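Reader: Hi! Could you walk me through a structure today?
Author: Happy to, here it comes.
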Amino acid sequence: MFSGDPKEYLTFWSIFSKIHDSEELTAIDKFQYLYQSMVPDSKAARLISNFPITAENYPKTVEQLKLRFGREDLLVQIYARDLLLLVLKNATTAKNAPDLATLYDMLETKLRALESLGCTKEKFADFLEPLVESCLLENVLRAWERRISESTDDATSQRSLEKLMCFLRHEVESEEMIRLAREGFGKDRGSGAIRKNCQRSVHKDEPTARLH
């Protein structure tokens, strides 16, 4: 379902395009599916309702939908501004910043959206990498800087968007493993008592052993 929120357009169209590109469906069928895919009373639904459901109007409706909600220049600005918003939130409310796993998922989603719009990592890495760095909390950023300084390779080649996202993914995986390990120890509280009982038994038996 599509409401007219430009942020939803890429996901919506990637799914609906299977219907749009189908050679088995008529233009009328595609138009009906498109109409049913609009959230009732939304901006997108109002736009679609302006066109009578005819075979001739279907391509016109799709074109208007793309022009209104799927313009690449508009979507690039939206996702770039989202990254800037994360930077501002980190600068002003670092204490309330999302955890690393949530932040990584947010960054990955926005970067993949930009990549699908033609903003490839190769072309825009010099612009996107500093933005992603600015989204990170201080302790994560320090760990990233240590990784760069400890590398034997040239620092410039190490400071890339792809390697930064790879580093963040490994950090998220490490945090997950640490969390699971801590939860495991928390649930196995009885093991400490067992060890203490074993130690008491050993200490009680020691004097007898010495008499022999």
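Reader: Let's start with F12 and F16: are they buried or exposed?
Author: Both F12 and F16 are buried, where buried means under 20% relative accessible area, exposed over 50% and partly exposed in between, with a 1.4 Å probe and protein chains only. Keep in mind that this is a predicted model, where local features need pLDDT of at least 70, side-chain atom pairs count only at pLDDT 80 or more, and totals for chains, interfaces and linings use all residues. Residues are numbered from 1 along each chain as its sequence is written, and side-chain values use heavy atoms, with hydrogens and water left out.
Reader: Where do Y9 and W13 lie?
Author: Both are in helix α1 (residues 6-20), 4 residues apart, about one turn of the helix. Helices here are DSSP runs (H or I, at least four residues), and strands are E runs of at least two, numbered from the N terminus.
Reader: New topic: what is S37 in contact with?
Author: Leaving aside neighbours within four places in sequence, S37 is in contact (heavy atoms within 4.5 Å) with M1, F2, F12 and F16. S37 lies in the loop between α2 (27-36) and α3 (43-49).
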